[in-house]
Amino acid sequence: MLNHKHSALSIALAAAMMPMMAAAQSADPAAEDTQATPSSDVTNLDTVEVTGIRRGIESAIAVKRDSTSVVEAISAEDIGKLPDISIAESLSRLPGLSAQRVAGRAQVISVRGLSPDFATTLLNGREVVSTGDNRSVEFDQYPAELMNGVTVYKTPDAGLVGQGLSGTIDMQTVRPLSFSERVITVGGHFQNNSLGKAANVDANGNRFNASYIDQFADKTWGISIGYAHTDTPIQENQVGLYEPWSTENTDQGYRPGVPAGTYYSDGIKALRRTGNAKRDAFMATVQFRPSNAWTSTLDAFHTKAEQIDTANQFEVNLSNYNGGYTPGLNVTGVQVNDNGTMTGGTASGVYPLVRGMYNKREDKIDAFGWNNEFTTDSGIRFNADVSYSKATREELNLENNTQLTPMPQLDTVGLTYRSNDFSQLVPGRDYSDPSTLYLTNTIYGSGYGKVPSVEDRLKGARLQASFPMQLGWFSDLDVGVNYADREKHKEQPEGNILLGAQGDTAIASDLQYSPVNLGFAGVGYIPAWNVPAAVGRYMIFEPVDDLSYLVSKAWTVNEKITTAWLKANLDTELGENVTLRGNIGVQMQHTDQSSQANYWDGTQPAGNEVQPYEAGKTYNDWLPSMNLVFGFPHDQTLRFAAAKQVARPRVDQMRASLEFGVDTATGKPGASGGNPLLDPWRANALDLSYEKYFGEKAYVAAAVFYKDLKSYIYTQSRDNYDFSSFVADYVPPPGGAPAQTIGTFTAPENGNGGTLRGLELTASLPLDMLWSPLRGFGVQASATFNDSDVKIRDPESASSVGSGEISLPGLSDRVYNFTAYYENKGFEARVSQRRRSDFIGEIGNFNGNRTLRYVVGESVTDAQVSYSFGDSLEGLSILLQVSNLTNAPYRTYAGQKDRPLEYIEWGRTYLMGVTYKF
């Protein structure tokens, strides 16, 4: 049962719905009379052109009202003008959706409290590839300027291919023959980050876009072309503490001066990250419609993104590891709170590092599709679609480590740990002079580097038909088949970055940038330098992938999915005042999945340790679904949906790669890795939604949903795994035990599921409906309350979330969104806030693997004002927008909030610009 405290927003939403309902009962009959007796006033209203904010809102309301599924929608106010500068920012304002920020940007989306793994993303109705290790899309790779709208399907129907378990997000580009005339739009914007410049990166960025839409040959041909560019500065202040927070070492006296039983972190770092994220994206569509019987659409999308950043970092190891010098660690003035957590003290005998952590990432996505729609004289509709998409990711991660010389230069550091601000680490020595900091074999070595790469390919073909039929309540019958062939491959060569022939060295002045100020953490200034140039001049980096601990980091996963469906569409009247729309159908998915990788078998003769391994399985899923939409007088709608749903496992969890070994003393084999034999997540789902519309101007809604997850995938250890094929040629070493065939395999498995349920309240209201002097003002608000009894374990994240049971990743118990706007005669103003409670988020760790962290709930506020000119300057508009108005921090913690892991600020982003529409 849902059990949440009511917020002011949810109470306000409920209160807003009651007068609206009452007003509707008295107002709608008059409206019906007006429709029966047309008047000049009504005619005039029909000719009013709705523009700006209201245009986008009303278009989205129309999509939601007319859909046979439970959906949420975003529609562009105009060409190249979605309400936010990011698709993810816009999505995160929809009811039941929430975003996780990455590098200050909303990047991944959770739908109805489930992690991004459970949702799928489509582009023009086709599933698309991703540049990450998984299948979830990073939305900041899709420019808002090139999107015409987004529809989020919260309930599926049998004909929705590529559907997710939590939801399906369909991004749509422009269709040129939907326009009556030529449209040309250009825009340019200047961007600034409030944290200011640092190192070699200033605080300024830019965005510009251009779109061209036209029709030819008596509107039988149409073309749309779009281009969007962005160059965004990366500026970040961060303090991070090592995980785990533990009593293990204090209990045994290994942290001198710290009382036994104290929760203690073994290190702390402060950094200023600087860099740039650049993206260039192109969109093109060609349509041909020689008659109403045939429409052919060819579309293409390309995006290339490059992100280069360097973490200029001061770091202190607090684990009594300083390179073996004396005196060792001693912590004095230890402060411990009532929860047993160390909150401050002074650590002596430590040997701090100044580090340069460089990352360069290049992403490319190409997607092509060709769709043909045919309609026969008898009303039968055919649709044929073919598609291809490819994504690549190339990364370069480099690390430079420096320390004060001559060795040792031990230091004393004052520590103050904070949960709601930057923790402080105040060194006793000066670290601002680059000539005293040497690239050397520090306590963390001289450096380490990685070169990960990902390639993802997806080919698809679909054929479907819709047959009119007059059979009772049913209006037509849809049948279809879709085939998708996907292959994802990852490699990750790595290696130490060793000092060159010159040995220990300071980094020359020509490679130095301006020093960065870590005063926010108490450190002061530290040097910043060109890391890849320092590696090239002073060091040797030769990454490899054939060492025992690296072989398993390369893998390939293949998926071949055949989907067939049968769907009967409903459209009837149940009486004078009740209509029924919707669909009943079934979808069948046949999945053939496999993975190939190598593993290291140290029991084999020298030169033969690398062994191939391949595994996979096939299975079928039958997915019945039903969507019923009841229409009642006064523009009221009641929706009911029931479906069986699936979500494909994470791609990286399906990898065949593993680490294998045999205990020579007992002969017992063991391994850990991926699992190509995984079944998907499966669930039964129910939805009920009440919606009251006021034409296309406004609506209020209340919805409940329930999902019964039959299983959940998480890492488990199996003690009865059959290793017969692995140990068939095993020869024990002298005195060793012969190999057993049964051992322990730790890998992702289908475990116990549970239930997820939620309540969504939504209102979108122009306030002149309540009081005419408020013409131009309006609000959009939603409150979502989620609850789940699913508990999982994630041993791979035990250092941050513990080894016990945790709640569903991505699940916030409460999510609120609120937007207030004003629009009048070209002037627009809008303030938006999105809030979510604490959740377990997903990040990438140093090893490049997925890890989970507790994330403190956040409230992010954005504001914008714009003006669209008229008369001789018609088509020109100017915009001022501030994102993250309050500079809301991003905070993570380990189990308890008084045990912080990260405190990050990305600053406010100011955007100023102009758009001109011809």
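Reader: Lysine 825, is that buried or exposed?

Author: Lysine 825 is exposed, with a relative accessible area of 75%. Keep in mind that this is a predicted model.

Reader: Where is lysine 825 placed?

Author: Lysine 825 is in the loop between strand E38 (814-824) and strand E39 (827-836). Its phi is near 50°, a positive value in a residue other than glycine.

Reader: And asparagine 124, what is its phi?

Author: Phi of asparagine 124 is near 55°, again positive in a residue that is not glycine. Asparagine 124 is placed in the loop between strand E4 (119-123) and strand E5 (126-127). With a relative accessibility of 16%, asparagine 124 counts as buried, because the cut-off for buried is under 20%.

Reader: Switching to cis peptide bonds. Which residue does a cis bond join to proline 408?

Author: Methionine 407, with omega at about -10°. Proline 408 is in the loop between strand E16 (381-404) and strand E17 (411-416). The peptide bond from threonine 326 to proline 327 is also cis, with omega near 0°. Proline 327 is found in the loop between strand E12 (294-317) and strand E13 (330-336).

Reader: Now the core. Which residues of the largest nonpolar core touch the most other members?

Author: Ile268, Phe314, Leu318, Leu415 and Leu425, out of 49 residues in that core. Helix H6 (residues 531-538) supplies the largest share of this core, four residues. There is also a second, separate core of 44 residues, which includes Ala597, Trp681, Tyr721 and Phe726.

Reader: What does leucine 415 touch?

Author: Setting aside residues up to four places away in sequence, leucine 415 touches Ile268, Leu318, Met342, Thr343, Gly344, Gly345, Ala347, Gln424 and Leu425.

Reader: Back to H6. Which of its residues are buried?

Author: Val531, Ala534, Val535 and Tyr538 are the buried residues of H6. They cover an arc of only 100° around the axis, so they are on the same side of H6.

Reader: What caps the N-terminal end of H6?

Author: Asparagine 530 does, with a side-chain oxygen 3.0 Å from the backbone nitrogen of alanine 533.

Reader: How many salt bridges in the whole structure?

Author: The search finds 55. One of them pairs glutamate 72 with lysine 154, the closest N and O atoms being 3.0 Å apart. Glutamate 72 is in strand E1 (residues 71-75) and lysine 154 in the loop between strand E6 (149-153) and E7, so this pair links distant parts of the chain, 82 residues apart.

Reader: Glutamate 72, buried or exposed?

Author: Glutamate 72 is buried, at a relative accessible area of 5%. Lysine 154 counts as buried too, at 1% relative accessibility.

Reader: What about arginine 648, which residue does its side chain meet in a salt bridge?

Author: Glutamate 559, at 2.7 Å from N to O. Arginine 648 lies in the loop between strand E31 (636-647) and strand E32 (658-662) and glutamate 559 in strand E28 (residues 555-573), so the pair ties together parts 89 residues apart in sequence. Both residues, arginine 648 and glutamate 559, are buried.

Reader: Which residues do salt bridges with shared partners join into one network?

Author: Lys64, Glu72, Arg112, Lys154, Arg639, Asp687, Glu691 and Glu760.

Reader: Last one: where does threonine 168 lie?

Author: In strand E7 (residues 167-172). Threonine 168 counts as buried at 1% relative accessibility, and its side chain reaches the backbone nitrogen of glycine 164 at 3.0 Å.

Definitions and conventions. Residues are numbered from 1 along each chain as its sequence is written. This is a predicted model: local features need pLDDT of at least 70, side-chain atom pairs count only at pLDDT 80 or more; totals for chains, interfaces and linings use all residues. Side-chain values use heavy atoms; hydrogens and water are left out. A nonpolar core is a set of buried Ala, Val, Leu, Ile, Met, Phe, Trp, Tyr and Cys residues joined through side-chain atoms within 4.5 Å. Buried means under 20% relative accessible area, exposed over 50%, partly exposed in between (1.4 Å probe, protein chains only). Helices (H or I, at least four residues) and strands (E, at least two) are DSSP runs, numbered from the N terminus. Contact means heavy atoms within 4.5 Å. A polar contact is a pair of N or O atoms within 3.5 Å; within protein, one must be able to donate a hydrogen and the other to accept it, and residues adjacent in sequence count only if both atoms are side-chain atoms. The arc is that of the directions from the helix axis to the C-beta atoms. A salt bridge is a side-chain nitrogen of Lys or Arg within 4 Å of a carboxyl oxygen of Asp or Glu.
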